[in-house]
Amino acid sequence: MEKKSSAIVTPLLSILSALLFSAFIIALTGRDPVMIFGKMTAATFASPYGSGQVIFRMTTLILAGLAVALPFQARLFNVGGEGQLQMGAFAAAVTGAMLSPDLPAPLSVPLTLFAAMAAGALWALLAGVLKMRYAVNEVISTIMLNFIAQAITGYLLTYHFALPSTVRTAPVIASATLPTLSALFGWFKSSPANISILISLGAALLLQVMLYHSRAGYELRASGLQPDAARYGGINQERHTLGAMAGGGALAGLGAANLVLGYRHCYEASMTGGIGFTGIAVALLARARPLRAILAALFFGFLEYGGLSVNAYVPKDIFMIIEAATIIIFIAYGAGAKP
Amino acid sequence: MSTKHPARGATAVRLSAITKKFGSFEANSNISLDIMGGSIHALVGENGAGKSTLTKIIYGIYRPTEGDLEIRGKRVRFDSPRDAIRLGIGMVHQHFMLIPELSVAENIMLGHEERPLFGRLNMSQINERIRRDAEAYGLGIEPEATVGNLSVGLQQRVEILKLLFRDTSIMLFDEPTALLTPQETEEFFSTLRKLSRKGKTILLITHKLDEVLAIADTISVMRKGALTGTMAAATVTKPELARMMVGRSVLLRVNNPPANPGEIVLDLRNLSYRTPGNEESVRNLSLNIRAGEIYGIAGVEGNGQSELLQALWGLSAAGTIIRGEALLQGEPMRGKSPREIAAMGVSFVPEDRLRHAVIREFPLTENLIFGRHHESAFHRRIGFDGAALGNFAGRVIADYDIKCDNPATQPLSSLSGGNQQKLVTARELTRPAIKLLILAQPTRGVDIGSIETIHRKIIEARLEGMAILLVSSELDEIVALSTRIGCIYRGEIRHEFSRDETEQKRLSEQDFLKEIGLHIT
């Protein structure tokens, strides 16, 4: 049983340990870690633009984290967030570009997002069906589905949807785009942070309520914690396996709101850039709790953009080391706490 | 080699006041036992009696919390099985530790190659040695055969040869006949006799009494972590052993007023249950239970009780063939899901509480509605009605005397076993409109105080008119609560005591227990 204190202390302790570890590595490259961390802070939270960049990254990371967290609660490990996000982003871009330009935003935005979620959900559902019908482990199938998604979107883009001599699709109609916070309120000057952050926060809140305050969440968590007992308790676990996978895929697909509707306004080759994988780290650090995923996404968003901002001094790869080290240390601490 | 073999008649293993605790649970309490060199010593007891724990202590997997272990007169302290193996102790686990893809010889020498890591193995020499051992003990086997292609009986021979290869003198067998055919069992016994004749000390763990009486020199009985007795096999009978295994010395003082049964609620007609492994665990079982009576099923574990319960709750393993009929007030129960069966008015307390009846991590209130969460009285919008849950929890916690601090937040795992079981009982006995109540081991691992509460509630439920099926390995519980008693043996009701018989014989409990003992062995 998780103690209240360790729920907060363990993540903080692992973040701290990982930072110390990376300070050591930065020192090895001949740079002063204090200076580097100082510059990182200056380039992120100390500036409106930097803060906006962190928020922009956090927006997709929250959803990518939830995409892992929801199936995790049903004892399913969805490693396919990346593929589901790709499928979602592609579906959103293509749908958004096909809509009539006269369609008003209250219709075009939901339609586009529905296409994104449906594409992500179906892609994840494949893994769910494979598990139930043919007992294919979902870790393996979702990894493989990542490759397939990569190939399918690549093929469709290159041969059918890319604008001539580019690697991107046609832009979505204007009404389907989501405005930046900078354009709306003048916040986070000229950063890509857009109002889809509200979608992400809303999704986290909604998932928290669904998991911990609804009957569906009660059944889903019971199936994850003690599958045998769930069977005795008359819970239809197959429904929850499929539901959790589809829900996770839909959440990953929803990431298109930020990347496509809020930022690029089209689908572009390699635009997801591994965010789906960082989502696994977010979910692990949050212990699959939706609200904690917001904080975890903030931390990883900071590392991603902060790392980029000091790229001139230390290689960005160092920050990938921090991300991975945090997770490994966190899991090790968690395991060490068990009797 | 000779130093490893104790003289026949000398003590090979001596346990002195061994206690093993897991948290607050005592798996072994204060066990003192001598196992004589060259003898076949059987350790019998029900599942969970602590036999395996004790064996694992001898084999160095567990370290005792208290007490001493002596091997051949020398005090030892094992940190791992490696220490035990070095002293010539070997174990054959119930589930064999073999690698199916490797050959017999490769399996036997694994971890004992007697060669440097990259040294060349002299297979012909090893094969020769295995053949010699096999011949000496009548264990015909081909060293180059692939283990995965061998029958269970032959795989067991590989395990025994493994012990011989390591020059083991004290051999521990955990439920060695569980997976063997009768023919294989016979052969295995003759091997055991040869081993014993050549001075090997054998500790046999089992709950099959026929076999124990056929093969063992000495028998020790364990119950609830304690040793209830050690005796020469020649001086004891099967019913006596059965009673030592399943009886309980606690005085049960539940007031059981005469029953006045109504109409038939549950009617089982020629129920048979064949597992995917083609084992018939329930055979032509027929019984009926009327409203307002408790039908107790007495028997040693593993005689079809679990399969019967699974079949009644709609949870039989895939590929199981069930024949016969199970009718609840004339309506068939077969082919329905647990949820549908519950909706018919059936309530069920499963035998394995932690695996099947609760979610340890969930708070008490959420466990109090687990399996009943479909009931609309607990619902509010998409979630649960906190006030209704709180009221319900408050009522049953007081009524069943469940000791807890904060039911809404406290996880179930923080309760003692007795309080957990009271919670499950409370949940299942307060379902609305129960027609049939199925209780499996309702007081297993429960303290005396909780047993009294649970027994009182069961009698109350009977007086309210529920039909109750009680399955318990505690004979005195069956005797104290039942209106009628069916004795189950190898999947059949072998004998049934009528209501009059039961009420009358209950008055002289010891004789009744003895009589039941005869019918379940």
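This is a predicted model: local features need pLDDT of at least 70, side-chain atom pairs count only at pLDDT 80 or more; totals for chains, interfaces and linings use all residues.
1. Start with strand 11 of chain B, residues 264–274. Strand 11 pairs with strand 12 of chain B, residues 280–290, in antiparallel fashion through seven bridges. One pairing to check on screen is L268(B), whose bridge partner in strand 12 is L287(B).

2. Strands 11 and 12 of chain B make a hairpin, with five residues between the strands. Look at N278(B) there: its phi is positive, near 65°.

3. Strand 11 of chain B also pairs with strand 14 of chain B, residues 321–328. This pairing is antiparallel too, with seven bridges. Here L266(B) sits opposite L328(B) of strand 14.

4. Next, strand 9 of chain B, residues 218–223. Of its six residues, five are buried, leaving the strand mostly covered.

5. Strand 9 of chain B has a parallel partner in strand 3 of chain B, residues 40–44, with four bridges joining them. V44(B) faces V221(B) of strand 9 across this pairing.

6. Strand 10 of chain B, residues 226–232, runs antiparallel to strand 9, and six bridges join the two. T218(B) has A232(B) of strand 10 as its bridge partner. The hairpin of strands 9 and 10 has two residues between them, and K224(B) in the turn has a positive phi of about 50°.

7. Last, the contact between the chains. Chain B contributes 22 residues and chain A 14 residues. On the chain B side, helix 10 (338–343), helix 11 (353–357) and strand 18 (383–384) each supply at least two residues. That side holds 11 nonpolar, seven polar and four charged residues.

Terms used: Residues are numbered from 1 along each chain as its sequence is written. Chains are lettered from A and ligands numbered from 1 in the order in which they are written. Two strands pair if DSSP finds at least two bridges between them. Two residues are in contact if their C-beta atoms, placed from the backbone, lie within 7 Å. Ala, Val, Leu, Ile, Met, Phe, Trp, Tyr, Cys and Pro count as nonpolar, Asp, Glu, Lys and Arg as charged, and the others, Gly among them, as polar. A residue is buried if 20 or more other C-beta atoms lie within 10 Å of its own, exposed if 12 or fewer, and partly exposed in between; C-beta atoms are placed from the backbone.
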